[in-house]
Amino acid sequence: LCIIGAPSTISTAGFGPRVRRLVVDVIGQRRTIAERPLPGLAHALVFWGFLAFGGYTLLEFSRGLGLLDVSASAWFVGYRAALIPFAVAVLCGIGVLLFRRVVVRPAGLGEQVSLESVVIGLFIVTLMVTFLAAGSLPPDTLAARVNGWVHAGVVLAFLVVIPRTKHFHLVLAPVTVFLRSEELGAVPNLDFDREEVGLETVKDVGSKTVLDVLTCVECGRCQDHCPAHRAGQVLNPKQIVLQMQGAVVDGRRDAAVSAVVGEEALWQCTTCGA
């Protein structure tokens, strides 16, 4: 979503449709798959695996911390067995995504291979491989303990990496989808009697827009669809989002938006909402 002209206020009107959109677009990954079927399905497999493994990870850490041990219960054994096809699906999905990013390298993903994305991809591979290996390793052996610590270590590494990278969208994306405005590309009228001048500095950017820029996954779809960018203009919505994201994260509240984004790019936006 190009942030220029996007509605910036947070609204929860129409609660029912918002919940349905959350289920269909976040859990069902409808738009992700419809836009780009192969990488979209690959992303969906990884996401669905993420959901399926959530309870397992919590229970395993609870057992390790001595809080709750249900590992011998029949339902947990069944739950763990049901996760095996999810693990295989995640490996297939992340394999497609890594190949696309490292080998295919679409223009929207950027000119350089993102080391961060590759590391996260390898983290996911490690989690799935160690999970599958745990089922065949004899318990209470050195190999089983090392495998378990590697698995737990990668999970803990995720807790450090996710808030500092674009993968924070795992937390923020459901919120932004739920709060998404039904109007795109709508520029609010200014009240000149109140001396409103629009987005003059970073601190003038609305709370919903700040949430949007922090949710960016850097997929490049906005760049691919932007008519100004496709026509060879300076405007690149992906770069605008990342530039605003950097200003927000760095705390440059008093920086002029025109200085952060570039005045020429700002005036090339047609607020089409594409």
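Visitor: Of the 274 residues of the chain, what percentage count as buried? And how much space lies in the second largest pocket, and which residues are the closest to its centre?

Guide: The model is predicted, and local features are therefore reported only at pLDDT of at least 70 and side-chain atom pairs only at pLDDT 80 or more, whereas totals for chains, interfaces and linings use all residues. Residues are numbered from 1 along each chain as its sequence is written, and side-chain values use heavy atoms, with hydrogens and water left out.

Of the 274 residues of the chain, 34% count as buried. Buried here means under 20% relative accessible area, exposed means over 50%, and partly exposed lies in between, with a 1.4 Å probe and protein chains only. The chain contains 13 helices and zero strands. Taken along the principal axes, the C-alpha atoms fill a box of roughly 75 × 40 × 35 Å. A contact requires heavy atoms within 4.5 Å. Among contacts between residues at least 6 apart in sequence, 70% join residues at least 24 apart.

To the pocket itself. The second largest pocket holds about 950 Å³ of space. It is lined by 25 residues, and those closest to its centre are Y56, E60, R63, A144 and G148. These terms rest on a 1 Å grid over the protein atoms alone: a cavity is a set of points where a 1.4 Å probe fits but cannot get out, a pocket is an open set with protein on both sides within 12 Å along at least five of seven lines, and lining residues have an atom within 4 Å of a point. Grid points are joined across faces, edges and corners, and a volume is the space filled by probe spheres set on the points.

Four helices, α3 (37-64), α4 (74-104), α5 (115-134) and α6 (142-161), each supply at least two residues of this lining. The largest share comes from α6, with seven residues. By class, the lining has twelve nonpolar, eight polar and five charged residues. Ala, Val, Leu, Ile, Met, Phe, Trp, Tyr, Cys and Pro count as nonpolar, Asp, Glu, Lys and Arg as charged, and the others, Gly among them, as polar.

The helices that supply this lining may be taken in turn. In α5, the 20 residues reach 28 Å from first C-alpha to last, close to the 28 Å expected at 1.5 Å a residue. The expected span is 1.5 Å times one less than the number of residues in the helix. The buried residues of α5 are S117, V118, I120, G121, I124, L127, M128, T130 and F131, and they pack against α3, α4 and α6.

In α4 one finds F76, which is buried, with a relative accessible area of 5%. Residues up to four places away in sequence aside, F76 touches Y56, L59, E60, V70 and S71. The C-alpha atoms of F76 and Y56 are 8.5 Å apart, although the two lie 20 residues apart along the chain.

In α3 one finds P37, which counts as exposed because its relative accessibility is 53%. P37 and A133 are 96 residues apart in sequence and 31 Å apart in space, C-alpha to C-alpha.

R101, R105, L109, G110, Q112 and V113 line it, giving two nonpolar, two polar and two charged residues.

Finally, the cysteines. The structure holds zero disulfides, a disulfide being a pair of cysteine sulfur atoms within 2.5 Å. C92 is partly exposed, at 48% relative accessibility. C219 is in no disulfide, and the nearest cysteine sulfur, that of C222, is 6.5 Å away. At 26% relative accessibility, C219 is likewise partly exposed.
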